[in-house]
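Student: Can you walk me through this one? I'd like to start with the sheet.

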Amino acid sequence: MRKARNTLPGSKGNTDMEPLLHGLQIEWQNPGALQSYPRRIRAHPRKQVQRLAESIAAFGLDQPLVTDIYGVLIKGHARREAAMLLDLPAVPVLVRRDLTPEQVRTLRIADNKCAADDWHWNALKTELAGLVSNDRGTTGFDPDELDALLHGDAPGITFPEFDERVCGDNIWTCPHCGGRLVR
């Protein structure tokens, strides 16, 4: 039997992952006992939380919430709200005891910024088209968005006053919001 590697992917085999994983353990906690960060930088509309709750009900909660040592959320505000909507008695929580308060604040920002990534619309359309129609309802897209994706353009993608100078070979960048669309 082959032994699992304890190195980072792509490394030369000398980068030990132990410092990255040391002390990180999943705990099960009541979602109502966890505290929302009072200066949340990302809004989660009720519709988004309801969609997330539907997904959790269909597939389970397999992504832990992340808190600081005081039980204040770093990651997972929407998952917490969805879990509470479903009356889940406990959720998986990763308590980051290894981070300083400044690192916690930085991680909150980085996690939200990284989550606002671009879509590969053609690949998404192909994936959605391959799903049985009744499975599409648990993807998080509402029926109008699904219809636009499957039978038209990407939803909500408009470039008013589009400036061709900000267009790369394969990527269009919106001059107003900086959003990118891979063509």
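Tutor: We'll take the sheet, then the helices, then the aromatic rings. Keep in mind that this is a predicted model.

Student: OK, in what order do the strands of the open sheet come?

Tutor: The order is 1-4-2-3. That makes an open sheet of 4 strands, and the pairing is mixed.

Student: Which strands stand at the edges?

Tutor: Strand 1 (26-29) and strand 3 (73-75). Each has a single partner strand, so one side of each has no neighbour in the sheet.

Student: And how big is the twist from one strand to the next?

Tutor: On average, 45°.

Student: Now strand 2 and strand 4. Do they run parallel or antiparallel?

Tutor: Parallel. Strand 2 covers residues 65-67 and strand 4 covers residues 91-95, with 3 bridges joining them.

Student: What stands opposite Thr67?

Tutor: Val95, in strand 4.

Student: Which strands does helix 3 lie across?

Tutor: Strand 2, strand 3 and strand 4. Helix 3 spans residues 77-85 and runs at about 110° to strand 3.

Student: Switching to helix 5 and helix 6. At what angle do they pack?

Tutor: About 110°, with the axes 9 Å apart. Helix 5 is residues 121-129, and helix 6 is residues 143-151. The range for roughly perpendicular is 65 to 115 degrees, so these two helices are roughly perpendicular to each other.

Student: Which residues make that contact?

Tutor: Helix 5 brings Trp121, Leu124, Lys125, Leu128 and Ala129. Helix 6 brings Leu146, Leu149 and Leu150.

Student: Last topic, rings. How many aromatic pairs are there?

Tutor: The count is 0.

Student: Then what sits over the ring of Tyr37?

Tutor: The charged end of Arg108, 3.6 Å from the ring's centre.

How values were computed:
Residues numbered from 1 in each chain as written. Predicted model: local features only at pLDDT ≥ 70, side-chain atom pairs only at ≥ 80, totals over all residues. Heavy atoms only, no water. Axes fitted to C-alpha atoms, helices over the stretch in contact; angles between N-to-C directions. Parallel < 35°, antiparallel > 145°, perpendicular 65-115°, else oblique. Contact = heavy atoms within 4.5 Å. Phe/Tyr/Trp six-rings, centres within 6.5 Å; stacked < 30°, edge-to-face > 60°. Lys NZ or Arg CZ within 6 Å of the ring centre and 35° of its normal. Pairing = 2+ DSSP bridges.
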